[in-house]
Every structure is written in structure tokens, then in C-alpha cells.
Amino acid sequence: MGVYTRLALKALSLIIVLFGVLLFVVIIFGATGLSDRVLSSIVNEEVRLYRQSVASQIRDPEALEAAVTKFRAELVRSYGLDRPWYERLPNMLLRVILLDLGRARLAQTFTGSNVISDIIMERLPNTVILVSTAIAINFLIGIFLGVRVATKPGSRLDRATSFLSAVSYAVPTWWLGILFILVFAFYLRLFPYGGLYSSPPPSDPLMRWLDIIWHATLPITVLVIVNVGLTIYVTRTIVLNIAQEDFVQVARVKGLPEGLVNRRYVMRVAAPPILTNIILGLAGSIGGAILTETVFSWPGMGTLFFEAIVQSDEALILSLVYMFTLVYVVARFVLEVLYMVVDPRVRI
Amino acid sequence: MSLRLGGGFKIYWSTWTGRAGLALLIVLAIVSIYTLTVLPVAEISRQWNDPQHWADYPKSAPPTWVNLFSERRLLETISLSFTGARLSGGAKSQDLILNYQAETFPTYISLSIEGLEYTGTPPVLVLSVVRPDGYSVEAARIVVPPPRPGENPPITRYEQAPERVLISSSDDLARNLAQLYADKFDVLVSPTRVLQEGVQRYLMGVPRGGSIVPLDGVYRFTLTALQSSGETSIERGRVLIGGEAYGLMGTDVIGRDLAIGLLLGFPISLFIGVVTSVIVTGIGAALGLVSGYMGGKVDNVIQRLADFMNNIPLLPILIFLVFSFGAKLWVIILVFVAFGWPGLTIVTRSIILQLRESQFIESARAVGASSLRILARHIFPHIAPFIIAQIIFFTPSFILLEAALSFLGLGDPSLPTWGQILELGFRSAAVYLGYWWWILPPGLLIIITSITFVMISLGLEPVINPRVRGRFRA
């Protein structure tokens, strides 16, 4: 199987995942009657706009009322509100995919638009920046320390890391975030309570970036602390297993320098399973980001999710489930490509 | 491997994580059982959910033990309560003694009366205060409503909802105090100013050098029933001297005693964690068993589904489902079960695939044992310890997941959980105001409960999986 066939197959299976999630979500959405509510609110909004636009042309109140009723009936038919939810399933699916779900109840973009797709497109980059930075730092630290620990199995450091990685599993990311705000923002006043920029944001571009970094420090630190224990532990186990293999022993016996053995013989083999581990942790990182963003009022999709729940905004929640799955699927695909780069066996 | 319980426990006990985990679990279980049995649950959950109960308490007050560490002593909330008081015709009265020794004034003073019963003419309840300097002042007056047409004595009043009087914002008392200060201390203040500065300051203070300072000593609060021709009895009542600190764990922004919420969180959190984990493990293992042993089409379908569900970001979907079906406890557990099983199914299947080819299964088959018998008698005992370990291993993840949902505002509102306490704290900006007593305890309890199960898992690891035994002995 060639590289491209393999990638195409991966992409296909990920698209199936995305589509499956969408289908499931839309079915639930329809069966619980939520889709009726979302569509009717879109219809009401359009009818309101229509009434405003024709009110200047049609003076007779009865004729106006008749025109509005006619317009509403057309809309109801075109949105499929006169039919049961399962008949308009394909239509709804298409709407979700195109993020054409009307307006958010209260959430807005920076410029004041409340169209759902505008809001999500504004928030998406913020989430991507936060999550990808956290994942990258997590794995840089995790792999570095994991390899370090693996060179001294059974040592005090080794046992401490295994224990701490188990403990970090029990610490809720969001609570650690709250704790950090209490300590570093409230008591020590070293970092801001949350948000993306200071207000007003600095005008100088460089200062603006520094400002973002200053605001992102706490959320990223929290995300890294919670996840890094496991990364260290898993890396250590993988590296340890490979370091005991015969071919590594042979390389050492040949008298190759330790650094070279580690790079060429151990890490080369350990890279693919470590990457697999990153892939497996991805879904969890995205979930953690929803909560961490909320705690730090980071204006990404996670905070938007929280707002949507508080405001009971069905359409927004549906769009966000789709977007999070989409982000996940895309990230998965990027990692799969990376996997092919590090694992030569896949390329044969 | 299957049922050598004694030996297994010895190995378990030899790990410190195992010992610590078990000890913590026992503590958690005792607290939960105590909450459910010794304390009347209906009564405490009423104390948590019914606004009548905490309307009197100070809002956002830290626990009283902070006084042990802080330089400035915070005034503790003092409750002067009585039960079963009989007040007849002004002759008998209910006395409450307050020995007040503090550098600050109370934040408020309130009187509440519950379950009043009278015969004869409706009484007028009067609360008067005798100050340490001997001056006396009428603090509150409650006119009990007369009988409605058709109502026969004894007449009961304030049974459902207690009657509350906020003494510290009473116009009458402000007027009485202005009068008292003018007569006895030659200090002229207007009743409006008394109200503005706080009636309780004037009630429990003396003028000194142009300002009012607290007056230490014994205050006598006396409740009498005037104009009553018959018997008046009060089931429960209290005068609350509102302080800046309250109870063992402090209060939240609406004045609820956090100790009660935290205590109720124990059984709920354990219940959600353990019950969900048992169901998830049961279903996951059963599907894995079937999938691995049957093979063929069934195996294919189950594995495809498990693969699919293992590959989706869980939290957004869980949020969506709980939001769509409503935040009820059973919905939350059901959703966890629906999405929790795949991981275990995949692992169990791979274990079964190995077992299926082993010789003792082959010999059982050769003897002519049925599939069901082989599954029940030969395969199940082999994976039973593994399944039990999985139950414990999964428990903290569900405790944490429920806490996360609660924190996002999707907890069952009828049950107080630690996650919900944190949610209200976060939403009412407790973090930004530094209300640590509201933020730290629920989070620490979530962590301790989860760590308990993590530690037991660590302790069980060498029992279940003999290969790792060496690691913990080192």
C-alpha cells in the first residue's frame, strides 16, 4: 500500500467518524424536539425582518398581516417545520456542516455580530493556539523528562514520577486553574485573572503578543501540569522497554557513544509509539481545553460552550459539538501524517 | 490467580499505596454512611436547598477557625436559640443571654420564630434587650395575625415558613435608640443616621469620643407575649448575632452553610463514581467477552462500534447529551455508561483471544463443555480479578467527569455535589474575591476521593499483574 492510499484511507475513516458523530447528534437534536425550537427561532427572526422591510410598502394593516402570514407559511415549509424531524434530517445535517444555524441568543463577536458562524470563526483560532501550544509544551517536557527518568529505572526520581503521574490523573484541570487564579492572580498578583488581552489591548504589535503570552501563561501551565505526568510516565515505559532490546545492547557493546545510541537506536524506535500516545491523548486535551478556557475566560470555543450552556442556546451548542469534533479530526489527521514521517514501516 | 484471596491481600497490603488507599476509602465510606444514617438526610438537604434556612446566615463568611491564624479577630456568628418556649400572658417570658466580648460590631441581628401556637386573643410578641449598662430598649415587635374565619383554637402560625425580623434594619428600633442616646448619653442622632450606620452598632455600643465603640458584657434578650389572654407557645426560635465568620467551613454567597453541602457531596460522589463504574465495567467486559469468544460478525460489529466511540472527543458530546436530555442524575449516569464501555471492551477482547487458544480451554472443549459453561466456569474466573481492578480504576474518572459537568452547570440541581458548589463559587466570582474557603475544600475533596481509588488501583496492580510485582518492592 502506498503512502497516499494509506493517508486517503485514514482521511476516509476520520471523515466517517465526523459524519457519524454529526448524524448521532442531529438525531438526538431532532428526537428531543430541540431542532424544532432552533428552526422556529430562525423563522421568527426572518419573519420579523420581513415585517420591518415590507411595513414601509404595505400600508393596509390587514394586507400586511396577510403578507407576513404567507411569508411565514412559506418559510415553515422551506425549513421543513411542517414535517416530522426525521424527514428533514438531511437538511439539518447540511445546515450543521455549513454552520448555518442562525443567530446566537446572547453571544456576540468582538464587532457585535451574533451570527453563529461568525462567532465560532472568531473563537476558533484562540482555542487552536491555546491547545496546540499546551500539547507541544507537554510533549517537549514529557519526552525530555521521560527519557531522563528511563535512564535510571527504579531510582527515587523514577518512583516519584510514577506516583506523581498517577496523582495528576486525580486532579481536575479546571480546579487547578481556579487554584492558580487564586494563588497567582489574587494573592501574588503576578498574572491576570483571565482573558486574552489587557483592556485596553496594547497598540504596539510586539507588546500585543507579549500581552497574549502573559495572559496565556496560566492556562497553558495548568494544561501542561495536568497532562505532563502521564506523558513522562508513558515515554519512560516505552523507552525503557526499547532500551532493554538486544539491538540496543549490541550497539552499546560495539562501543558507540551513549548519545548516538539514544538518538539512533532508542529514540528512532520509540518515536512512533510515543506519537501514538499523543494521538490517543488528543481527545482528552480538547475536553480539558473546554474547562480550562472557561476558568480563565479565554475567549475560545470552550468558553463559548460554557456561555451556550448557561444561556441554553441549543443551536450554538450543536455547532460547537460539530466544531470540536472537526478540530479533533483535523488534528488527528495532521498527527497521522506526522506518524508516517517518523515510522518508516508505514511507508513501505 | 483466580481466588487466592488471602495471598492477594498480602501482596496488596505490602504496598504503601494500597494501605493508604484502603484507609482513605474506609474514611470516605464512614463519612458517607454517617451522612446518610446518623444525620437526617431530609433535614440536611432541606437546610441546603430551602432558602428559609440560610436566610439568617452571614453571606460569604469564612469559617470561624481562621481566627486561630489571623491577627484581626473576625466576629463569629452567634446563634441564641430556644425550643418549646411557653409564654403566657406577659407573666412568663423567654430569656436569651449573650455574653458579648468583641472589638467589632455584629454585621446584623435577626430574630426568627417558627411554629407558634396560641389560644385566646392573638398575642403581640415583643423582644426587649437589656444592655450591660442596664439600659433597656424594645428591639422588635411581631403582631401575630388573628384567627381566620372558621379557624379554631389552638391557632398555629409561622409553621411552614418561619417569621423573620431583621432587627438591625428596624425603623422602630432606630427611633428607640435615638431616643435612648438622647436621654441617657446626651448624644443627638437622627433615627435615619442610626439606620444608615447600622442599628446594631447603636444597640451594642456606647458613644465615646465622637464615635460609637462596642460595649462588652452581658446582654439579655427577653421575648414576651403581650395582650394575650391564653397560652402562647413557640416551637423554635432564635436571635442571630451575625458575624463575619461562620461555622466549620464558612458560608457561600447566599449564606448556605458549606459544611452541609460538602458533607452531602460524599455519598453522592461515591455513588456516581462506583455505580457508573460497576455498570460500565459490567457492560464493557461482557461485550468484550462476547466479542472475543464468539468472533465472526458479532465481533466485527462490536469492535467497529468500540473503535468508533473510542475515537471521538468525549466531553463535547457528553455536554450535548446531558444538555439535550436534561441534567438529571440518571441521565448523567446513563450517558457515562453509553460512552464509557468501549475501552474496556477492546482490552477484554484481546485477553479473551489469548485465553481462547490456551490448552485448558481446548481440553474443556474437547470434553464437550458448552460455550456458556466454558465462558462461565473457565474464562470468567480468569478475568474476574482484572474486571474488579477495572471497576476501581474507572471510578475516579467518573467522579471527575461528573464534577466537570457540574462545574459547567450541568449537574443535577436537586443534589448538591462538590462540582456544583465550585460552579456557584466560580460564577459568583468567589475566586476573584479570594473566598478560598469556598474554592479549596470541594476541589480537595474531589481530589482526595479520586486519589483513593487511584491508590487502590496502584496497590492492586501487582496482585492482578504479577509481572509488575518487583517494581513496588524495590
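1. Asp100(A) and Arg95(A) form a salt bridge in this predicted model, with 3.3 Å between the closest N and O atoms. The two partners fall into separate accessibility classes: Asp100(A) is partly exposed at 41% relative accessibility, while Arg95(A), at 12%, counts as buried.

2. A salt bridge also joins the side chains of Asp158(A) and Arg236(A), at 2.5 Å from N to O. This pair links distant parts of the chain, since Asp158(A) belongs to helix 6 (residues 156-169) of chain A and Arg236(A) to helix 8 (residues 205-243) of chain A, 78 residues apart. Asp158(A) is buried, with a relative accessible area of 3%, and Arg236(A) is likewise counted as buried, at 6%.

3. Arg37(A) meets Glu314(A) in a further salt bridge, for which the N to O distance is 2.4 Å. Because Arg37(A) lies in helix 2 (residues 34-55) of chain A and Glu314(A) in helix 12 (residues 314-342) of chain A, the pair ties together parts that are 277 residues apart in sequence. Here Glu314(A) is buried, with a relative accessible area of 3%, whereas Arg37(A) is partly exposed, with a value of 49%.

4. Besides these pairs, I would draw your attention to a network of salt bridges that links Glu45(A), Arg48(A) and Arg103(A). Over all chains, the count of salt bridges comes to 23, where a side-chain nitrogen of Lys or Arg must lie within 4 Å of a carboxyl oxygen of Asp or Glu.

Notes
Residues numbered from 1 in each chain as written. Chains lettered and ligands numbered in written order. Predicted model: local features only at pLDDT ≥ 70, side-chain atom pairs only at ≥ 80, totals over all residues. Heavy atoms only, no water. Helix = DSSP H or I, 4+ residues; strand = E, 2+ residues; numbered from the N terminus. Buried < 20%, exposed > 50% of the residue type's maximum accessible area, 1.4 Å probe, protein only.
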